[in-house]
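Here is a short briefing on side-chain packing.

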Amino acid sequence: MTNESLFTNDESFALYSLYKAQADCIRAVIVKVETDNIISVSTRDKEFKLILDNTWRYIAHHALPGTILHLIHVQKREDQEGCWFECTQDTCIVVQPDILISATTIADCAKSDYFDTDVAIIKRFSLDDMSIHILRGIVINALFDAIIEKQNAALTISEGTTQDTASPIAFETLVLQALSGSALAVSMIFRDNDGKFHSTMFQEFISECKSIFHALQEFCATLDVTNALIEPTFISPLYGLQGRLDILLESTDDPNQKNIIELKASAPFSGRVSPAYRVQIMCYQLLISTCFPQRTGTTSILYARAKNA
C-alpha cells in the first residue's frame with residue numbers, strides 16, 4: 001500500500017493561483033472571431049477584444065459566436081483606441097462553463113503530452129466493459145468506505161467467531177454487498193473454458209481483497225476520521241466541473257484544513273503517477289478551491305495494491 005502525496009497547499013495554490021480565481025473571473029460571450037488569435041467578446045455592458053496566446057489559440061478555431069466563456073486571470077490593457085484583454089501565464093479560459101463536465105471524463109482524455117477529447121465522446125456512447133480490475137475497484141472502494149464509517153466501532157473481520165467489538169461486520173458480507181449489483185459480470189468473469197463457475201479463481205480474488213482490506217484497516221487507523229466525508233460530490237460553476245471525491249478529511253483543529261484522499265485499486269504504484277491520475281487530482285483541486293477558497297491541506301493518491309499483488 002502506497003500513499004502518494006501529490007500536492008501540498010503551498011504547491012497547489014502557488015502553481016494555480018486558485019484562491020483568487022472567483023474574484024478575477026469575467027463572464028463573456030463570443031461575438032465574432034477576428035483572426036486566429038483575436039476574438040471579440042461581450043459582457044453585459046461592453047464589448048472588447050481578447051488576445052489569445054498559443055495555449056488558448058485553438059478557441060478561435062473551434063468556438064462559435066454565442067459561446068460562453070469564463071475568462072480567469074486575463075490582463076486588461078488600455079490605450080487611446082480602447083481597451084482589450086490578453087492572456088497571461090496564469091490565464092484559464094473555460095468554454096461553456098454551464099455544461100458541467102466530470103473530473104473523471106477529463107482525466108480519461110489525458111495522455112502523456114496531449115488530450116484526446118475523442119475519448120469522452122466515444123465513452124459517452126459506449127457500454128461499460130466490466131473486468132476483474134473494475135470489480136476489484138468496486139469491492140475495495142466499498143471496503144474503504146465501510147472502514148471509515150465503522151472506524152469508531154472497531155471494524156474487524158468476522159469469520160463465524162464471537163467478536164467483542166461493537167457492531168462487527170463480516171468481511172464476506174461486505175464483499176457480497178459490493179458485488180450485489182454486478183452478479184452477471186461475476187458469473188461471466190469467473191468461469192472456466194467449459195462455461196462453469198471457476199470457484200478457485202473467485203476465491204483467489206476474495207483472498208486478494210481480504211489482504212487489501214487488512215492493509216486499509218491499518219492505514220485508516222492512522223487517520224482522524226471524526227469529520228470525514230465519504231464520496232462527497234462537488235460542483236464548480238466557475239470551472240464547469242463536477243466530481244466525487246473518495247474521502248475528504250477535515251481537521252478537528254482547523255476547519256480550513258481539508259485533506260483529499262483518492263483511492264486507486266486497479267494497479268500498484270509504478271514509481272510515477274499516470275497523466276490521467278494527475279489530471280483527475282488537478283480537477284479536484286479546482287473543485288475544492290471553488291467551494292473552500294481558504295482551504296489548506298494535502299491531496300494524495302492511495303494505491304491499495306502492493307507491488308507483488
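Buried means under 20% relative accessible area. Y277 is buried, and so is Y303. The model is predicted.

**Nonpolar cores**
- The largest nonpolar core has 33 residues. Those with the most contacts inside it are V139, I140, F144, L179, F205, L216 and I261.
- Two or more residues each come from α5 (132-149), α6, α8 (199-220), β13 (247-250) and β14 (258-264).
- Helix α8 gives the largest share of this core, 9 residues.
- Beyond its neighbours within four places in sequence, I261 is in contact with F144, F219, L223, D246, I247, L249, S300 and L302.

**Aromatic pairs**
- The structure holds 9 aromatic pairs.
- The ring centres of F234 and F292 are 6.0 Å apart and the planes stand at 75 degrees, so this pair is edge-to-face.
- F234 sits in strand β11 and F292 in the loop between α9 and β15, so the pair ties together parts that are 58 residues apart in sequence.
- F234 is buried, at 9% relative accessible area. F292 is partly exposed, at 28%.
- The Y277 and Y303 rings have centres 6.2 Å apart and planes at 50 degrees, so this pair is tilted.
- That pair links helix α9, which holds Y277, to strand β15, which holds Y303, 26 residues apart.
- F190, F197, F202 and F205 form one aromatic cluster.

**Other side chains**
- K258 lies over the face of F292, 4.4 Å from the ring centre.
- Q177 lies in helix α6 (residues 171-179). Q177 is exposed, with a relative accessible area of 51%.

Terms used: Residues numbered from 1 in each chain as written. Predicted model: local features only at pLDDT ≥ 70, side-chain atom pairs only at ≥ 80, totals over all residues. Heavy atoms only, no water. Helix = DSSP H or I, 4+ residues; strand = E, 2+ residues; numbered from the N terminus. Buried < 20%, exposed > 50% of the residue type's maximum accessible area, 1.4 Å probe, protein only. Core = buried A, V, L, I, M, F, W, Y, C linked by side-chain atoms within 4.5 Å. Contact = heavy atoms within 4.5 Å. Phe/Tyr/Trp six-rings, centres within 6.5 Å; stacked < 30°, edge-to-face > 60°. Lys NZ or Arg CZ within 6 Å of the ring centre and 35° of its normal.
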